[in-house]
Amino acid sequence: MASQDEQQQQQDPRIPKISSAIRVIPNFPKPGIMFQDITTLLLDTKAFSDTIDLFVERYKGQNISVVAGIEARGFIFGPPIALAIGAKFVPMRKPNKLPGEVISEEYSLEYGKDKMEMHVGAVQAGERALIIDDLVATGGTLSAAIRLLERVGVHIVECACVIELSGLKGRERLGDTPLFVLVNSA
């Protein structure tokens, strides 16, 4: 049985157009990878606008005060959503990219570790946040963003991505945090 989100996506006529605007590039950046290229989505003004509109329609009126965007493509989708719903945009960056005092969260990659950082004081305990990125694969960066924000007392309303690579089971790493996606890809 399909979830309510899946039913909405199947019924919304904008979803197929968004999906078809995403180019898939085989064997990039290495053999065996099917790269989901959103640059073609950004070139299609209608599909890009529809993408932002679908997220705004979902989150407007939910008292979200923070949209946290994950570097780098979360920076593309996050700011217009934040402005439209009346929230501030907080960049979640790779190490040594923010000039002020930061708080960080380490996470595991396929081969090694990385860190995610945000400015100290960018969010306050009790705020309600949406975490946005272009794609969820293994869920490592999203789960690090969740831990980082929760560590300072922020309530995560939901994570949102344009694309989910469902075969990599990243959703499972998010614990109880809901995930909303527009396009599912195997």
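**Reading labels in a predicted model**

In this predicted model, Ala 72 sits in the loop between β3 (66-70) and α5 (74-85). The peptide bond leading from Glu 71 to Ala 72 is cis, with omega near 0 degrees.

User: Why is Asp 37 called buried?

Analyst: Asp 37 has a relative accessible area of 6%. Buried means under 20%, so Asp 37 is buried. Asp 37 belongs to strand β2 (residues 34-37).

User: What makes the pair of Asp 37 and Arg 23 a polar contact?

Analyst: The side chains of Asp 37 and Arg 23 are 2.5 Å apart in this contact. A polar contact requires a pair of N or O atoms within 3.5 Å, one able to donate a hydrogen and the other to accept it. The value is therefore within the cut-off, and the pair is a polar contact.

User: Why is Gly 167 called exposed?

Analyst: Its relative accessible area is 52%, and exposed means over 50%, so the label applies to Gly 167. Gly 167 is in the loop between β8 (155-165) and β9 (179-185).

User: Why is Lys 169 called partly exposed?

Analyst: Lys 169 has a relative accessible area of 48%.

User: What makes the phi of Lys 169 worth a remark?

Analyst: Lys 169 has a positive phi of about 60 degrees, although it is not a glycine. Most residues other than glycine have a negative phi.

Methods
Residues numbered from 1 in each chain as written. Predicted model: local features only at pLDDT ≥ 70, side-chain atom pairs only at ≥ 80, totals over all residues. Heavy atoms only, no water. Helix = DSSP H or I, 4+ residues; strand = E, 2+ residues; numbered from the N terminus. Buried < 20%, exposed > 50% of the residue type's maximum accessible area, 1.4 Å probe, protein only.
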